[in-house]
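Here's a quick briefing to read alongside the model. Take a look at the structure first, then go through the points below.

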There are 2 protein chains.
Amino acid sequence: MLARMLIRSLHCSKFQCLSLRGFITVTPQQVLKPGDVLRKARAFTEEDVLQYSKVSFDSNPLHIESAAAKDVGFQGPVVHGMLVASLFPHIISTHFPGAVYVSQNLNFKFPVYIGDEIIGEVQATNLRENRNRYLAKFKTRCFKNGELVIDGEAVALLPTLTAEQKQQ
Amino acid sequence: MLARMLIRSLHCSKFQCLSLRGFITVTPQQVLKPGDVLRKARAFTEEDVLQYSKVSFDSNPLHIESAAAKDVGFQGPVVHGMLVASLFPHIISTHFPGAVYVSQNLNFKFPVYIGDEIIGEVQATNLRENRNRYLAKFKTRCFKNGELVIDGEAVALLPTLTAEQKQQ
C-alpha cells in the first residue's frame, strides 16, 4: 500500500497539538478534527472542459457536443465527472500541501453542466496519527443548488493536521 | 441516481446481439462480454502534469517540486493520481462514445512518476441490459512494469455493447 510504504519511509517531524476549534473556512493555526468541513466553489467553463479533454485524451462527445449530450437526456454538454471530482484533492492539498492521496470513491449522481456553480466539500470523519503523519478519512461531496451531485469518500496521508491559512 | 434518471429519460434504440468473442484489442463489430479487457498505454509528461495542475487548480507541491516529493519518500514529482485514473473513462469512452460514468473507486497503491510507462486496463465484469442501454461494471487497473499501481472499479452506462473499431 502507498500509505504503508510512505509511512515506513518518512522521516519524523515534531507535531505540537494546538487547541482544537471547529472550522468551516480555515483561519491560521487551526487544527483539523473530525467533523470539520473544508469547501471550495467553482463553475467549470467550456475552456476548462476543452483543456481537460486535451490532457486526459477523454473526448467523449457528451462533454463536447450538445447533440450527443441531448441524445442521452442531458440538457447540454456535461463536465467530465473526474474533472469535477478533482475539487477534492485540490481542497485537501490547498490546506495540507504535501498530502498524499490514498483512495477516492466517487458516485456521480447528477450531471454538472458548464457554468453550474458547484460547491465541493470535504469533511474529516476519521484522523489517525501514524509515525508523525496523519491518515485522514474524508466524506467528499459536490453540491449544485444544494443538491448532491457527487458523493464519495477519500483517504489521504497528511503531513500535519494544522491547516495552511491561505484561501483559494 | 444518474443511471436511473438517464434510463428513464432515454429514447429506445434497436440492439442486435452479435456473436460474442473475447477480445483484448478491439476489432470491428466486436461485442463486449464479461471478462473482456480493453487497454491503453500512456506515459505522462511534465507538460501533462503542468496542464492538469492548471485545469484542476491542484498545485500540490508533490506534483511539481522534486524536493517536496523527496521529503515524503518519493523519487521525484508524482503524476496526479486523478490524472492517471483518467485513463479509465478515456478507454471506456474511446470504445463506447456516449458512455455515461456512474461511479469510480480508486486505490492509489504506488506512485506514478513522469515518464513511467503506464498500462491502463478496464475489464468488464458484469453487463446488464436496461431499456436498450447497458449498465457495465469494470475492474479498473493501472500497471507499471507489471506492478499494480491503481486498483478500482467503475460502473458506466453504455449506449451499446458493440465497441467502436477506432484504436488510440
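Is helix H5 (residues 87–95) of chain B mostly covered or mostly open? It's mostly covered: nine of its nine residues are buried, where buried means under 20% relative accessible area with a 1.4 Å probe, protein chains only. Helices here are DSSP runs of H or I with at least four residues, strands are runs of E with at least two, and both are numbered from the N terminus.

This is a predicted model, in which local features need pLDDT of at least 70, side-chain atom pairs count only at pLDDT 80 or more, and totals for chains, interfaces and linings use all residues. Residues are numbered from 1 along each chain as its sequence is written, and chains are lettered from A.

**How the copies are arranged**

**Where they meet**
- In chain B, 47 residues are in contact (heavy atoms within 4.5 Å) with 47 residues of chain A.
- Val55(B), Met82(B) and Phe108(B) supply 15% of the area that chain B buries against chain A, more than any other three residues; buried area is the accessible area (1.4 Å probe) that two parts lose on being put together, summed over both.
- 100% of the interface residues of chain B are also interface residues in chain A, so the copies meet through the same surface.

Definitions and conventions:
Side-chain values use heavy atoms; hydrogens and water are left out. Buried means under 20% relative accessible area, exposed over 50%, partly exposed in between (1.4 Å probe, protein chains only).
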